Amino acid sequence: VETVDLARCIGIAVVHDLAEAVVGDITPHDGISKEEKARRETGAIDDMRDGLAGGGCGDAGEAISQLWAEYEAGETPEARLVKDLDKGGMAIQ
C-alpha cells in the first residue's frame, strides 16, 4: 500500500484544474488529439508561471510548473491518485 501526501495531492489537483480553467476540460469525445491537449494545457501553465514570475510572486509560478510536470509524468503516488480521481470524475459525467 502506497502512502500519499494529501497536501501534495491537493496542490496537484488544483494546478490540473487551473489548466482546465484556461483551456477547458477537454475530453476524448472532443476530437482533440492528446498532443494538442497537452500543448494547450502546458501553454496555459507556462503562461501562468511566466505571469507570476513577472508579477513579483516569488517562486509561486515555478511551484505551479513543477506540480504540473509531476501530474503529467504520473510517476509519483500523488500524481497517479489525482489522475485516477480525474478519470473517475470524467466517467461519472
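In this predicted model, the axes of helix H1 (residues 6-23) and helix H2 (residues 34-54) come within 9 Å and cross at roughly 105°. That angle makes H1 roughly perpendicular to H2.

**H1 with H2**
- From H1, the residues Val15, Leu18, Ala19, Glu20, Val22 and Val23 take part in this contact.
- Their partners in H2 are Arg40, Glu41, Ala44, Ile45 and Met48.
- Sorted by class, the H1 and H2 contact holds eight nonpolar and three charged residues, with no polar ones.

**H1 with H3**
- The axes of H1 and H3 come within 9 Å here and cross at roughly 95°, so the two helices are roughly perpendicular to each other.

**A closer look at Glu70**
- Glu70 belongs to helix H3, which covers residues 60-73.
- Its relative accessibility is 11%, so Glu70 counts as buried, the cut-off being under 20%.
- Leaving aside residues up to four places away in sequence, Glu70 touches Arg8, Ile12, Glu75, Thr76, Glu78 and Ala79.

**Aromatic rings**
- The charged end of Lys83 sits over the ring of Tyr71, 4.3 Å from the ring's centre.
- Searching the whole structure turns up one aromatic pair.

Conventions: Residues numbered from 1 in each chain as written. Predicted model: local features only at pLDDT ≥ 70, side-chain atom pairs only at ≥ 80, totals over all residues. Heavy atoms only, no water. Helix = DSSP H or I, 4+ residues; strand = E, 2+ residues; numbered from the N terminus. Buried < 20%, exposed > 50% of the residue type's maximum accessible area, 1.4 Å probe, protein only. Contact = heavy atoms within 4.5 Å. Phe/Tyr/Trp six-rings, centres within 6.5 Å; stacked < 30°, edge-to-face > 60°. Lys NZ or Arg CZ within 6 Å of the ring centre and 35° of its normal. Axes fitted to C-alpha atoms, helices over the stretch in contact; angles between N-to-C directions. Parallel < 35°, antiparallel > 145°, perpendicular 65-115°, else oblique. Nonpolar A, V, L, I, M, F, W, Y, C, P; charged D, E, K, R; others polar.
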